[in-house]
Each structure stands twice: as C-alpha cells, then as structure tokens.
Amino acid sequence: MDRDPDIVAELHGIRIPAAPHLSPRTIAAIQRGLYERPEIEGTLVNLRPGDRVVELGSGAGIVSAIIARNVDDVQVRTFEGNPDLIDHIRKLHALNGLSDRVTVQNALVMAAPDPVPSTLFSVSTSFLGSRIAAADAAETDARTFRIDTLSYEDLRRDFPHNVLVMDIEGGELDFLGSADLSGIEFLIVELHPTIYGADAAAECIRRIEAAGLILDPASSDLQVKAFKTPARMQLGLDQSRVAWRAVPECLAFDPDTEWAEAIETVTDAVLVKSPGTGTGPITASVFDADQREVPGAISWHDATTRATISRHHPRPKRITDIAGTWVFGGPLDPLSPDALRQMLARLWCLPHLAGIAPRGVVFFPHGPATADRYAAFLAALLPRWAPGLDPLILSGPSRFETLIVPPQAVAAGPLRHGTADFRAFLRSRAAPAAKGGAGGRLCLHDGPSAPAMGAGSPLHTALTGAGYRVQDLARAPLPELLPRIETADTILVSGSAAEDLALYAAPRTAKIARLAATPGDHATDFAPLARLYGLDNAQDIPLQDGEDVDDLLHRLAAHGFV
C-alpha cells in the first residue's frame, strides 16, 4: 500500500483507491477500521461459503468487496442509486480482482408489486446520506436524478439468494412492507429511526420477524440489526475473519481465586450513559480507542444478570476529553442500600496499581439522586476507600486519556462477596479496632427484604426494647450509618445489603448474627463467609416458619443477642 499513492487505505484485505467521494474523515475511519464496522463485522461473522448475497445500497462499494474477498465461494450482487459512484465501485472491485464475484448495478430495487420503471433519487453532499427523493422533489434539482428501478421479485427469480444486506437510508421501511423474504437465511439491516422515527424502526423489526427470522443480539448493535433463521442461528458466529471482542452474556467466577480477571488499562476510553434514571439496569458502556465495548467494564447483579446494558458509541462531536489516568468505578446510586457495595465493587484494584498514580475515580450515575447527594456521599466515603483520588460522576459522553478497568469483584447472589483480593482490600481499609464496642446494639435490614422489621412492627418494637437501634437501610444516609456499624458491639442483619455492610465495616470483635429467611444450604452460609473477612463472632440464626416474636427473642437470648 505504501508503494501506490493512489491507495489511500486497506480494510479486511481490500485496497481502497482514492476517489472524490472519500473525504479525509472517511479515509481516516477506514484506516482505523471504523468505517461501517457494525455492518461489516456483523456480516462477516455470519456468512458461510456458498452464500449468495444481495446488497441494497452499495455506498462506496467497500462492504460488497469485503464480503467477496473474505468468504469462499460467495457471489454478490449490489445495487446503488447514486450514478456518480458506479464507476468508482467497479474500479475498486477490479483493483482487488473481484469483478467475477461481485457486480454492481445503478438501480433501485423495489419490493412493491408492479413498481414504476424509474424514480427520483437525491444525491447528498456525503455519499453516505443519498436516498430516494422526497415526494416534492423535482427532476430539475441540481442533485436529483431519475434512476431505473428493478422489481425484487424479478431479482429473486434471476438471482436466487439467501443473504440480504440493506443500508438504504430509510428506504428499508417501504421495502420490508412488501418484500417476500422467503429463502432469506440471514438479513442485516441498518435502521434509520432519525428519518422515520422509533415506532417505524420497531415496525421494520416486526416485519422481518414475521418472515420467520430471529434477531441475533450477538451480531447486532443499536442501529444495525442481524436476523437469522433458526437453522442459521444454530451455526453460531465465525469470528475467524474479524478481531471480535465478545461481550459476555453470563459471568464465570470463582470466589476463591486470587483474581477475578486481569486489570485492563484502556487508552482513549470513551464512557457513555443513556439519559434517564431508575432502579433497573442502566444503559451504559465503556469503549476502547477502536470503538469496541470493553467487556470487563460491564457491571453485574449476579452471574447471569447485568446491571449495565450495552449502548452504542456516541457521536464524536458530543464527546468531552478528560486528561489523566482514572479508575472506572462502575454505576453508583448513593440512595441505594447497596451504595457501598456498588462503590467498592472495583476499587479493590487500587493496591495493585504498582507505578500508576490515578487522578481519580469515575462513576456512572444511577438512580434519582441529585448532584448534592452524590457529592456528599463521595466526600464522606471515598477518602477512606480511595484516599487522594478525585471523584467524578459522568455527566455526558467523555473520553479519558487513560482508564483503569478492574473486573467487578463483588455483586449480589453467587458473586456477592468477591475474591480474596477484595477481602484483603477491605481489611486494609478497616476502621481501627479500638473503636469497636462503643456503639452498643444495632439491627440493620433492607426494607423490602425484612418487612417484619418495619417501624411499628412487633419485632421492631421488641428489638428496640432490647436495646437495639433498628435501622432500615433505605432510610439511612450511608455516611451517617457507617460510623454506627464501625462502633457497634452487637449487630443483627437481615437482607443482602445489610449483610455486606456488616462484612465491610463491622469491628472484628463484634458479635454478628444473620436473621436468614433463606431456605436450604444458604441459610447457614453467612458465618463461614464472615470468618473469611476476619469476623470470628458471626453466626446464622435462620428464621422459622410461623415463629412469633417471643420465640425469636428467646432464641436470640440463647445465643447471647438479647
């Protein structure tokens, strides 16, 4: 490529010659592998030798050339409405020796019965935006051309095909309304909701699925959607043709290992979160410099349920650059009972950053908290867990010079309490042992997890009478609650967030009991786990069906908790 000044880029083995429609920005995207990447990679991982491919919307001809070059025994017919591009596309195909495997035609393929023989086509300043002309366009417009049409039924008869690739700038809505997709095993389409709206984009998907094709999330992104027949779906993805970064659908984890996964350092990392708040999973992602999602930055509720759902890469103009090295802290909701668990899920990496001096920690905002609540929470707690580091709550798409992405080492369910390294990190930040014992008795519960302990309930009244301060985590600001945990001599916990707070912050000398309503083996798993955290005076007191308050108090007294 260096010996031929006419070749401006190479992508997936295709040499791309200079052409008037290839702007410096487009050439740079091709050189970085970012040009039409979701469509190209989503196609390459799904094609198989012998496929016959129709592409609607040739663009620069690069996608059809890549298909023909990288898949054995494949035939491609591609159609483009912009007459200015046809000679350049043929030159590109010929330059790469593909003229016998891919042909291009200056025509618009119409699925409607008995289509008109020609229609107007508007050519955009950018070739990527050219499309069928609006109804009020005139043939006298400087950049509007009358283009021949081709019936899709005739195309199906003359060139039977099993793969359909579509990028026709909004025309897919009308096409899918009439197209007979029988015989199509794989279809990939770029949707354009900015042209016809989100409801129409959903209608495109409905029409494809009505033809018996199934959406494949593994090879789709926000706008480019891949669909396959059930038989084709069983073939899986052939990742040999692309540098694929698989985004996991479940999480393998062994809490006894020293490391969950390696800490990853990402340069020019882009963080983005979709607008909106709420208590469910948030739509947020971390991308590397090649706009690939960083799998290690996904946050999890448990081994199979994500706390963050993938979203698309933001437009470059919306991204704010932030200098320095930062640690990725994941999602944070300062009003949640799990707030400390959320904050610590990744900070355990700090002792392992030998020779690296981060500037701060960046979090995805989650939940309805105001900026003041975030500031108060982090001002009170971050200095203890990450001394000297600045807090940052992401306010918009941001590019970080360097981002440290540790694996998530703690979550609810089977991942709840993390690795040996995580436990060691907690012990290294523990409150001084001398503080233990000054705070008396404390009962912590997650409101929804322990409704029998709500204010005014018989158990709440009885425990209060026995000298306990009964604290609903949903109603207690964590910065105020943590010192009470660190100084208590006796602690009762009910609910996973309450359990974790005791594990993280209780004095080693404290007596701790979990009031577990969990049946089976998990009813007695807290005490051995607490011993891993250096809490030797912990035990499980399973709640019993039909047990009244007096009976429970009697059992607590027998164990020395009343």
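# A tour of the aromatic pairs, sheet, helices and cores

A search of the whole structure finds five aromatic pairs; rings of Phe, Tyr and Trp (its six-membered ring) pair if their centres lie within 6.5 Å, with planes under 30 degrees apart counted as stacked, over 60 as edge-to-face and the rest as tilted. This is a predicted model, in which local features need pLDDT of at least 70 and side-chain atom pairs count only at pLDDT 80 or more, while totals for chains, interfaces and linings use all residues. Residues are numbered from 1 along each chain as its sequence is written, and side-chain values use heavy atoms, leaving out hydrogens and water.

**Stop 1: two aromatic pairs**

Select Tyr-152 and Phe-175, an edge-to-face pair at 5.1 Å centre to centre with 70 degrees between the planes. The pair links distant parts of the chain, 23 residues apart: Tyr-152 is in helix H5 (residues 152-158) and Phe-175 in helix H6 (residues 172-178). Helices (H or I, at least four residues) and strands (E, at least two) are DSSP runs, numbered from the N terminus. Both Tyr-152 and Phe-175 are buried, where buried means under 20% relative accessible area, exposed over 50% and partly exposed in between (1.4 Å probe, protein chains only).

Next, select Trp-326 and Phe-400, also edge-to-face, at 6.0 Å centre to centre and 70 degrees between the planes. Trp-326 belongs to strand S17 and Phe-400 to strand S20, 74 residues apart. Trp-326 counts as buried because its relative accessibility is 3%; Phe-400 counts as buried at 0%.

**Stop 2: the sheet around S17**

Show the open sheet of seven strands, in the order S16-S15-S14-S20-S17-S18-S19, with mixed pairing. Strand S16 (308-309) and strand S19 (390-393) stand at the edges with a single partner strand each, so one side of each has no neighbour in the sheet. Two strands pair if DSSP finds at least two bridges between them. S17 (residues 320-332) and S20 (residues 398-405) run parallel and are joined by six bridges. Asp-321 stands opposite Arg-399 in S20.

Helix H11 (residues 371-385) lies across S17, S18 and S19, at about 150 degrees to S19. Axes are lines fitted to C-alpha atoms, for helices over the stretch in contact, and angles run from 0 to 180 degrees between N-to-C directions.

**Stop 3: the cores**

Select Met-343. Leaving aside neighbours within four places in sequence, Met-343 is in contact (heavy atoms within 4.5 Å) with Leu-332, Phe-363, Phe-377, Leu-378, Leu-381, Leu-382 and Trp-385. Of the 56 residues in the largest nonpolar core, Leu-340, Met-343, Leu-347, Leu-444 and Ile-485 touch the most other members. Helix H15 (residues 496-505) gives the most to this core, with seven residues. Apart from it lies another core, of 35 residues, including Ala-60, Ala-65, Leu-98 and Val-163. A nonpolar core is a set of buried Ala, Val, Leu, Ile, Met, Phe, Trp, Tyr and Cys residues joined through side-chain atoms within 4.5 Å.

**Stop 4**

Select helix H2 (residues 37-44): seven of its eight residues are buried, so H2 is largely enclosed by the rest of the structure. The buried residues of H2 pack against elements including strand S1 (7-11), strand S3 (52-56) and H3.

Finish at helix H4 (residues 86-95), where Ile-86, Ile-89, Leu-92 and His-93 are buried. They lie on the same side of H4 because they cover an arc of only 125 degrees around the axis, taken from the directions from the helix axis to the C-beta atoms. Just after H4, Gly-97 takes a positive phi of about 70 degrees.
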